[in-house]
Amino acid sequence: MAAGSLPVRLPTPQMLMSRTRQIITALSLIAFAFGLALVAPRLAFAHAQYASSIPAANEVVPNAPTTITITFTEALEPSATGVTLQAADGSEIAGVTSSVDPTDNHRLLITPPELQPGTYIVNWHNLSADDGHPASGFFAFSVGAAEQITGQVDAGSNGPPGWWIAFGKWLVYLGLAVIVTTPLFPVIIRDRWPDQLDRTERRKIIAGGAVFLLGSLIALINQGAIAFPRDPLLDATWNNLTDTRYGNLWLWRTGLAVAWGIAIGIAFRGRNRIASLAAVVLAFAIPLTISETSHASAAASGRVASIAGDWLHLTSAMLWIGGLIWLIVTLRHPDDSIRPTIRRFSGMAVGLWIVLALTGVWSAWTLVGSRAALTSTSYGDTLIAKVLLLIPALGLAAANLLWFGPRVTADSERSLRGSILLEAVFALSALAALARLVGLQPAGDVHAAARQTALVQTVEVGGHGGTLTLDPGNAGPNTYLLVVPDAPTDANVEGLLRLTPPGDSKANKELKLARQQDGSFTGSGSEFALAGDWGVQVIVRQIGSFQWDGEVSVAIEANTGPPQFESSAWRFGPIGAIGMLLLGIGIIATSALIGRRANRTLVLAGAAPILLGLVLLTTNRI
């Protein structure tokens, strides 16, 4: 070595591991922050939407109907479905009764009192019996001749805040992760059934069950407040529990959880194999009660397969996240078994990731359908956030499996625990995004509804050109935008619309628009509640100074409801659902066998369900 030169210090393997962990951690935290930024609370939408009615929306009938029929896109919960009827002056009509058709639970039958000639607005609200989500809306019809619409829709309560709804569901998922993995992971981690659990493991099981029950109770109360917004909270919760499909499934879920707790206690105290098997069956049955109230449950075709795919996705996520929790608890007491423990868990985790990816892509294809829907909706934003949070979690998992685990030493064991803990943090954050997704209207439906084009009408006001825009331009709620570039910017200048409905009625209504800083005028309402040619007098004025007038005819089209989203995703029949389950179970079992370095014959036997599942799927497409 030349004089005066410094010795070259080569990095040791421990230094390389430390630097690699630092780089992965930094990139993970960046993705974590970006993902959380996308998860902004937004209101959940509903799903049992108006499909048709008799009388039809905006129809003029010569005689008063004795029965009003509304057909919805999903089955209805009778106890949480109802209507109010308003007259043209906004007053509520007394004596209206309603009930779900006993021969068709998609149809609501309404019996009004004797109606006089005039226009009426039917305000409806419901709760879907398929996915447990609420909906509300209105439509108008006229008896005799069209009249001016002045009634306002009763929006009701918005329910609990979105973040509180998501938090309750997140607690359910967190507790469920412990429940699903408790009967299995002591065996997977220790490679044998434990003689007994230590205090930390017992506390973890008790805490997981308590968190699950707490989250379920919060979810029940929130659902009651949404389904019965006009009832006191206690009454709403009780009605939701006793009178809805969601409540029935909630009782099943709670009962299964209690039975699981009893079976687990017997299994670990006496090493009872029957109790152990019962605990496994109960643990995997609980997620099914959640999938029965998911978006998959509202699928128009292939419902059984959709629920099976949702169950497979949810259960795989619970096994992975619950396994991480078990690893964190187990590694608090390090011993020489840490390396085979990570190998056994990571082998199965690879299969879980594959199943999560396959079912996740299929679900996105079914509920989103296009890149435009993914990037322009709240559902799409949350789904992107979920994926961004999963990427660093999977990156850390791969690093633990391929790099840190095989090279772990007594000195680096603490860093490995930290890496697993960080992986769990990202996974639980992705679980929070999942909790929000189940309360949002699927992106495909939202995007389809947003594709309605606005009605733009040119207008001349006092010799000055302008435009009047109605969005969506159909009968029912609209937003109004009046733009007159020559209008003075003085704040005292106001814009008004004087509306004359179609038909023989000469009544009119004056609507004042809000002045904007750029000189335009905006408003919103349900004044254009009838299809036909409306007379609109446009007024721009400053009282005591000037008034510009102009008239225009606006053709309002019948409101046929938002365009329906039709996904091109593959759909499968009930036999296809069996194939889906066999495929998922085969992938997880095969990867677990490889992780345990099983012999080739055993691995090939584990792959048999994969081949059978693929055959059943490909031959049972709808």
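Biologist: Before we start, what does contact mean here?

Modeller: Contact means heavy atoms within 4.5 Å. Keep in mind too that this is a predicted model.

Biologist: Thanks! So what does Met318 touch?

Modeller: Leaving out residues up to four places away in sequence, Met318 touches Tyr173, Leu176, Ala177, Val180, Thr181, Gly323 and Leu431.

Biologist: And which residues have the most contacts inside the largest nonpolar core?

Modeller: Met318 is one of them, along with Tyr173, Leu176, Trp260 and Trp320. That core has 70 residues.

Biologist: Which helix gives the most to this core?

Modeller: Helix H8, residues 303-330, with 14 residues.

Biologist: What does the second, separate core include?

Modeller: That one has 26 residues, including Val459, Val461, Val536 and Val538.

Biologist: Let's switch to helices. How are two packed helices described?

Modeller: By the angle between their axes and the distance between the axes.

Biologist: OK, at what angle do H2 and H4 pack?

Modeller: Helix H2 (residues 162-181) and helix H4 (residues 199-227) pack at about 150°, and their axes are 7 Å apart. Angles over 145 degrees count as roughly antiparallel, so H2 is roughly antiparallel to H4. Their crossing is left-handed.

Biologist: Which residues of H2 and H4 meet?

Modeller: On the H2 side they include Trp164, Gly168, Leu171 and Gly175. On the H4 side, Lys204, Gly208, Phe212 and Asn222 are among them. The residues of this contact divide into 14 nonpolar, six polar and one charged.

Biologist: You mentioned Lys204. Is that residue buried or exposed?

Modeller: Lys204, which lies in helix H4, counts as buried because its relative accessibility is 9%, and buried means under 20%.

Biologist: What does Lys204 touch?

Modeller: Not counting residues up to four places away in sequence, Lys204 touches Val178, Thr182, Ile325, Trp326 and Val329.

Biologist: Back to H2. How far apart are the axes of H2 and H7?

Modeller: They are 9 Å apart, and the two helices pack at an angle of about 155°, with H7 covering residues 273-291. That angle makes H2 roughly antiparallel to H7. H2 passes H7 in a left-handed crossing.

Biologist: Which residues make that contact?

Modeller: H2 brings Val172, Tyr173, Leu176, Ile179 and Val180, while H7 brings Ala283, Phe284, Ile286, Pro287 and Ile290.

Terms used: Residues numbered from 1 in each chain as written. Predicted model: local features only at pLDDT ≥ 70, side-chain atom pairs only at ≥ 80, totals over all residues. Heavy atoms only, no water. Axes fitted to C-alpha atoms, helices over the stretch in contact; angles between N-to-C directions. Helix = DSSP H or I, 4+ residues; strand = E, 2+ residues; numbered from the N terminus. Parallel < 35°, antiparallel > 145°, perpendicular 65-115°, else oblique. Left-handed = near helix turned anticlockwise from the far one by under 90°. Nonpolar A, V, L, I, M, F, W, Y, C, P; charged D, E, K, R; others polar. Core = buried A, V, L, I, M, F, W, Y, C linked by side-chain atoms within 4.5 Å. Buried < 20%, exposed > 50% of the residue type's maximum accessible area, 1.4 Å probe, protein only.
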